[in-house]
Number of protein chains: 2
Amino acid sequence: MEKDWNMIEVLRHARHDWLNKIQLIKGNLSLNKVDRAKEIIDEIVVEAQQEAKLTNLNLPEFASLLFTYNWENHSFQLEYEVLDDAMAGRLDDRILSKWTGSFFACLDSAAKTYHENHLSVSISQEKEGARFFFDFSGIITDMDRMEKFLNKEYADICVAVQELAEQELALELFMPFYSNGRE
Amino acid sequence: MEKDWNMIEVLRHARHDWLNKIQLIKGNLSLNKVDRAKEIIDEIVVEAQQEAKLTNLNLPEFASLLFTYNWENHSFQLEYEVLDDAMAGRLDDRILSKWTGSFFACLDSAAKTYHENHLSVSISQEKEGARFFFDFSGIITDMDRMEKFLNKEYADICVAVQELAEQELALELFMPFYSNGRE
């Protein structure tokens with residue numbers, strides 16, 4: 001998150017990701033698995049639509065954090081899903097990105113390295129704000145650290161831990177839209 | 001060139017370009033043209049290799065100019081080819097990008113709008129520096145402007161016009177590697 005990505009690096013990573021997908025299609029075509037290749041293409045298109053949705057949330061710092069996270073070395077892989085097309089109100093991108101970046105950093109050091117850890121993030125909106133579900137599957141070795149982080153309180157952010165165990169962490173973050181007074 | 005691209009925009013444009021390629025593969029597969037789909041994949045891989053080569057030239061400003069040019073509205077489409085994998089010496093990225101940006105801007109306003117104009121750039125290296133071929137095909141309506149630009153002299157850049165006619169412009173730019181004294 002601290003890294004200041006430049007355009008050349010961003011394009012290099014994006015190219016690398018896309019080429020992996022192209023190679024997957026190519027591999028299946030060379031094995032004559034045309035139907036599987038078509039399925040992969042459909043999955044790629046859905047994934048790109050998710051990326052477009054995340055872009056459209058108008059949260060550039062938060063989106064950049066999610067876009068680049070798997071390009072760095074971390075103890076977990078990140079996935080995300082955006083359930084709504086656009087937000088009805090505005091969120092504070094800076095506060096949201098700061099909390100999410102700190103959460104990722106905490107989980108990164110608390111999760112077991114070289115284990116297959118996954119974090120999935122879903123984003124949905126409600127009348128008064130946006131809801132973010134963070135669902136971790138893998139192994140957490142440093143529970144103390146994780147608990148300490150999750151017990152902290154943050155302005156404009158409401159975190160509810162639904163499950164916190166060694167092999168599962170699920171939490172919900174609610175963030176209200178800007179009130180008129182703040183805009 | 002003046003535009004300051006941010007990561008979200010860069011990724012949006014890159015995603016758009018890659019999705020177009022994926023759709024081309026998809027279209028051919030749905031018409032059962034598997035061999036054509038395979039050919040397209042090979043073309044995509046070659047194109048990505050060119051992008052990687054341009055990245056490796058260690059000319060970030062120049063590479064960014066070329067990467068983003070077709071994302072903006074211009075009177076010609078840009079293509080490029082990098083003939084060597086790496087440069088044996090260092091070039092002044094700033095001077096090169098400044099000249100190339102000015103040349104593109106001049107050609108952009110001198111070329112006939114809404115006509116199919118193309119500019120192809122090839123980059124090769126020699127013992128003492130790098131050589132850039134600019135090959136334009138299309139229609140130039142403002143020859144005066146083009147001539148005036150090409151008659152200007154630039155420090156560290158040597159431009160040789162091979163052909164300048166209404167429907168053809170070919171020129172060679174030579175740029176010497178940094179001398180020891182400058183490094």
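Reader: Hi! Before we start, how are residues, chains and ligands numbered or lettered here?
Author: Residues count from 1 along each chain as its sequence is written, while chains are lettered from A and ligands numbered from 1 in the order in which they are written. As this is a predicted model, local features need pLDDT of at least 70 and side-chain atom pairs count only at pLDDT 80 or more, whereas totals for chains, interfaces and linings use all residues.

Reader: Great. How many helices and strands does chain A have?
Author: Chain A has five helices and five strands. These are DSSP runs numbered from the N terminus, with helices being H or I of at least four residues and strands E of at least two.

Reader: In which pattern do they follow along the sequence?
Author: Chain A reads α-α-α-β-α-β-β-α-β-β. Its C-alpha trace spans about 55 × 40 × 30 Å along the principal axes.

Reader: What about the sheet, which order do the strands take?
Author: In chain A the order is E1-E2-E3-E5-E4, an open sheet of five strands with mixed pairing. Two strands pair if DSSP finds at least two bridges between them. The edges are E1 (76–82) and E4 (158–165) of chain A, each pairing on one side only. Direction ignored, neighbouring strands of this sheet are turned by 15 degrees against each other on average.

Reader: And in what sense do E1(A) and E2(A) pair?
Author: E1(A) pairs with E2(A), residues 117–125, in the parallel sense over seven bridges. Within E2(A), Ile123(A) is the bridge partner of Val82(A).

Reader: Switching to helices: at what angle do H1(A) and H2(A) pack?
Author: H1(A) and H2(A) pack at an angle of about 165 degrees, and their axes are 8 Å apart. That makes H1(A) roughly antiparallel to H2(A). Axes here are lines fitted to C-alpha atoms, for helices over the stretch in contact, and angles run from 0 to 180 degrees between N-to-C directions. Angles over 145 degrees count as roughly antiparallel.

Reader: Left-handed or right-handed crossing?
Author: H1(A) passes H2(A) in a left-handed crossing, meaning that the near helix is turned anticlockwise from the far one by less than a right angle.

Reader: Which residues make that contact?
Author: From H1(A) there are Lys21(A), Leu24(A), Ile25(A), Asn28(A) and Leu29(A). H2(A) brings Val34(A), Arg36(A), Ala37(A), Ile40(A), Ile41(A) and Ile44(A). By class, the contact of H1(A) with H2(A) has eight nonpolar residues, one polar and two charged. Ala, Val, Leu, Ile, Met, Phe, Trp, Tyr, Cys and Pro count as nonpolar, Asp, Glu, Lys and Arg as charged, and the others, Gly among them, as polar.

Reader: Nice. On to the two chains: how many residues of each are in contact?
Author: 28 residues of chain A are in contact with 28 residues of chain B, where contact puts the C-beta atoms, placed from the backbone, within 7 Å. On the side of chain A that touches chain B, H1 (7–30), H2 (34–56) and H3 (60–69) each supply at least two residues. H1(A) gives the most to this side, with 13 residues. The residues of this side divide into 20 nonpolar, three polar and five charged.

Reader: What rotation superposes chain A on chain B?
Author: A rotation of 180 degrees with 0.0 Å of shift along its axis does so, at RMSD 0.0 Å. That is the relation of a two-fold axis. The superposition is by least squares on the C-alpha atoms of residues with pLDDT of at least 70 in both copies.

Reader: Why do you say the copies meet through the same surface?
Author: Because 100% of the interface residues of chain A are also interface residues in chain B.

Definitions and conventions
Angles under 35 degrees count as roughly parallel, over 145 as roughly antiparallel, 65 to 115 as roughly perpendicular and the rest as oblique.
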